[in-house]
Amino acid sequence: MKAIRLILICHALTHAQKTGCLAHPDDGILPLSGPPPALEPGVRVLAAPERRARETAAWLSAQVQVERALADCDLGRWQGMPLKQLQAEQPQALAQWLEDPHSAPHGGESFVALNERAGAWLKGFDRPGDWLAVTHPWVMRAVLGQVLGCSLAGARCIDVLPLARVELSFTGQWRLRLG
């Protein structure tokens, strides 16, 4: 069995993140300073379908394959809304969503559903070699929770900053690689 090395990278900073708004699929990234980090030869690049992930991936590599399973959590009617507006207009719904991983008061996807989707993708990822996948904080939390076997509440406690990297390897079982 040939090993798999998978580096997950969070998309770059967006205006929505900077201004305290929830994500929207059409959010673009803010300008990046400096050249991108060099990729090792042979690394293949995947990106979630949202604009911010595709733009970050294009900054890293000219050849990018879109991977639908890496899509961000669907926030339904809350997409693009300012967090302060939600706190003022729907404080109970927001609190429920933040506390209960099964809830989706926005009409979109719950963290449980996202976790199942990310887990199924990771379980089925059987492409040997070196990979880099540009995705989103919620997806990275779900994947890390799967690899570490932690509870949903534990996975939701992981902070993922723009351009954060997590390296995983697979040789019969997924492992977190720290270096």
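This is a predicted model: local features need pLDDT of at least 70, side-chain atom pairs count only at pLDDT 80 or more; totals for chains, interfaces and linings use all residues.
How many salt bridges does the structure hold? The structure holds eight salt bridges, a salt bridge being a side-chain nitrogen of Lys or Arg within 4 Å of a carboxyl oxygen of Asp or Glu. Residues are numbered from 1 along each chain as its sequence is written, and side-chain values use heavy atoms, with hydrogens and water left out.

The overall architecture comes first. The secondary structure of the protein comes to seven helices and six strands. Helices (H or I, at least four residues) and strands (E, at least two) are DSSP runs, numbered from the N terminus. Read from the N terminus on, the elements follow the order β-α-β-α-β-α-α-α-β-α-α-β-β. Along the principal axes, the C-alpha atoms fill a box of roughly 50 × 35 × 25 Å. The radius of gyration of the protein is 16 Å, which agrees with the value near 16 Å that a compact globule of 179 residues would have; this radius is taken over C-alpha atoms, and the globule rule is 2.2 Å times the number of residues to the power 0.38.

The chain can also be described by its contacts and its surface. Contact means heavy atoms within 4.5 Å. Among contacts between residues at least 6 apart in sequence, 69% join residues at least 24 apart. Of the 179 residues, 45% count as buried, where buried means under 20% relative accessible area, exposed over 50%, and partly exposed in between (1.4 Å probe, protein chains only). The protein exposes about 9,400 Å², and carbon and sulfur atoms supply 53% of this area. Accessible areas come from the Shrake-Rupley method with a 1.4 Å probe; for residues, only the protein chains shown count as cover.

Side chains of opposite charge can pair when their charged atoms come close. Glu-167 forms a salt bridge with Arg-5, their closest N and O atoms being 3.5 Å apart. Because Glu-167 lies in strand β5 (residues 165–170) and Arg-5 in strand β1 (residues 4–10), the pair ties together parts that are 162 residues apart in sequence. Glu-167 is partly exposed, with a relative accessible area of 22%, whereas Arg-5 counts as buried at 15% relative accessibility. Arg-5 and Glu-167 also belong to a network of salt bridges that links them with Glu-40, Asp-130 and Arg-177.

The closest N and O atoms of Arg-51 and Glu-55 are 2.7 Å apart. Arg-51 is partly exposed at 38% relative accessibility, and Glu-55 is partly exposed with a relative accessible area of 25%. Arg-52 forms a salt bridge with Asp-72, with closest N and O atoms 2.6 Å apart. Since Arg-52 lies in helix α2 and Asp-72 in the loop between β3 and α3, this pair ties together parts that are 20 residues apart in sequence. Arg-52 is buried at 3% relative accessibility, and Asp-72 is buried with a relative accessible area of 11%.

The loop between β3 and α3 is also the place of Asp-74, which is partly exposed with a relative accessible area of 37%. Leaving aside its neighbours within four places in sequence, Asp-74 is in contact with Gln-79, His-106, Gly-108 and Glu-109.

Aromatic rings form a further set of links. Rings of Phe, Tyr and Trp (its six-membered ring) pair if their centres lie within 6.5 Å; planes under 30 degrees apart count as stacked, over 60 as edge-to-face and the rest as tilted. By this rule there are seven aromatic pairs. Trp-78 and Trp-97 form an edge-to-face pair, 5.7 Å centre to centre with 90 degrees between the planes. Trp-78 counts as buried at 0% relative accessibility, and Trp-97 is buried with a relative accessible area of 6%. Phe-170 and Trp-174 form a tilted pair, 5.1 Å centre to centre with 50 degrees between the planes.
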